[in-house]
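Good morning, and thank you for coming. Please look at the sequence and the structure as I show them, and keep both in view while I speak.

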Amino acid sequence: MTSQMRRIALARRPSGVPVPEDFAMETGPIPTPGAGEVLIEVSHHSLDPYMRGRMDDAGSYAASLELGETMIGQGIGRVLASEAEGFAQGDVVTGMTGWASHAVLPGDQLRVLDPSVPATTALGVLGMPGFTAWTALREYGRPKAGETLVIAAATGPVGAMVGQLAKAAGLRTVAIAGGDQKCQLALEKFGFDAAIDHRAHSEANSLRAALAEVCPDGVDIYWENVGGKILEAVTPLMNVHGRIPVCGTIAWYGGSDEAANRLPQVWRAILTKRLSVNGFIIFDHWDGFPAFLEEVAPKIAAGEIAYLEDITEGLENAPQTFIGMLTGGNTGKTIIKV
Ligand code: NDP
């Protein structure tokens, strides 16, 4: 056990895509757990796109981080000391540790991990991103065999899970991903029927033409992960009564995508095609998490669902890795090994 706690704090509010100066490494004494609390030595923490929104002070569905506050995030680690019932030294647990080497959290905000699957799966395929895919595909995608689904960020933890669940439900699945390597992964590892490299198309019209070729029957479900050029390309290809679960709009997280200025075309397609467009935030659905684990964990243990993790070593590398993930530098679920 090291004698100091290290944490990455929000040093400055970013403008557009964050830069390393927006973060600061802080050190201090390792905290002591009070009654009902647990001290965790964090082994890994997650990096997720939603964290970008928390760095702004604009109001959103969740509170902003304060300047100087530890960057938010889920982590996993070993219990060093417990003052909470149900947790013993050495237990491997997960909770909202933040980007830090140690965390003290109330026992009722922690979960002991299932040892039958690798602990890091709790951050991706068996955690919030996998659960997002599992929940919202059924609830808002309403997939039917024979339909076509299109999804971008297709090799990320949300996209890869949506693609595999849709394929298992009998849909034609079309991936949009950044670069040849990710397109190959989408086809070979995650079983998509077709894959398109969005980086090869600077214009929405060109991307739309490429998509039209691999979606001969149109698009029934467009799972929205990205917004921007991709939303503009796909929406006119939607079939009547198509569904668009709106999960994320990462192309706009830095506020710079000029396609945002052309949104009226997209909204018109929503009207004329009578599309169902459902925004959702996974936090509203946590009561379904035990059912998700019960169904999906055995499939992970049996190797029936593929997943990919992109693990970078060193807490000090979290800011640069996070910045890279926001612009496609990750291949799979982005994780920091503290
Ligand atoms: P990923 O690990 O897939 O990382 C983000 C990916 O987005 C990048 O790797 C890149 O993939 C892609 N991307 C970034 N910028 C662009 C762009 N301008 N155009 C096209 N693609 C881009 O992320 P997750 O799977 O964790 O999350 C996917 C989405 O789901 C995000 O928008 C996230 O905010 C959202 N989300 C929403 C939740 C909710 O409750 N609503 C819950 C969880 C996630 P590539 O290189 O292939 O382009």
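I begin with a definition: two strands pair if DSSP finds at least two bridges between them. Strands (E, at least two residues) and helices (H or I, at least four) are DSSP runs, numbered from the N terminus. This is a predicted model, in which local features need pLDDT of at least 70, side-chain atom pairs count only at pLDDT 80 or more, and totals for chains, interfaces and linings use all residues. Residues are numbered from 1 along each chain as its sequence is written, and side-chain values use heavy atoms, with hydrogens and water left out.

Let us start with β9 (residues 172–177) and β10 (residues 194–197), which pair in the parallel sense over 4 bridges. Within this pair, A177 stands opposite D197 in β10. Helix α4 (residues 180–188) carries the chain from β9 to β10 in a right-handed β-α-β crossover; right-handed means that, with the strands pointing away from the viewer, the path from the first strand over the helix to the second runs clockwise.

Several polar contacts (pairs of N or O atoms within 3.5 Å) can be pointed out. A backbone N or O atom of N225 lies 2.8 Å from a ligand oxygen, and a polar backbone atom of F280 is 2.9 Å from a ligand nitrogen. In the side chain of N330, an N or O atom is 2.5 Å from a ligand oxygen.

Notes:
A polar contact is a pair of N or O atoms within 3.5 Å; within protein, one must be able to donate a hydrogen and the other to accept it, and residues adjacent in sequence count only if both atoms are side-chain atoms.
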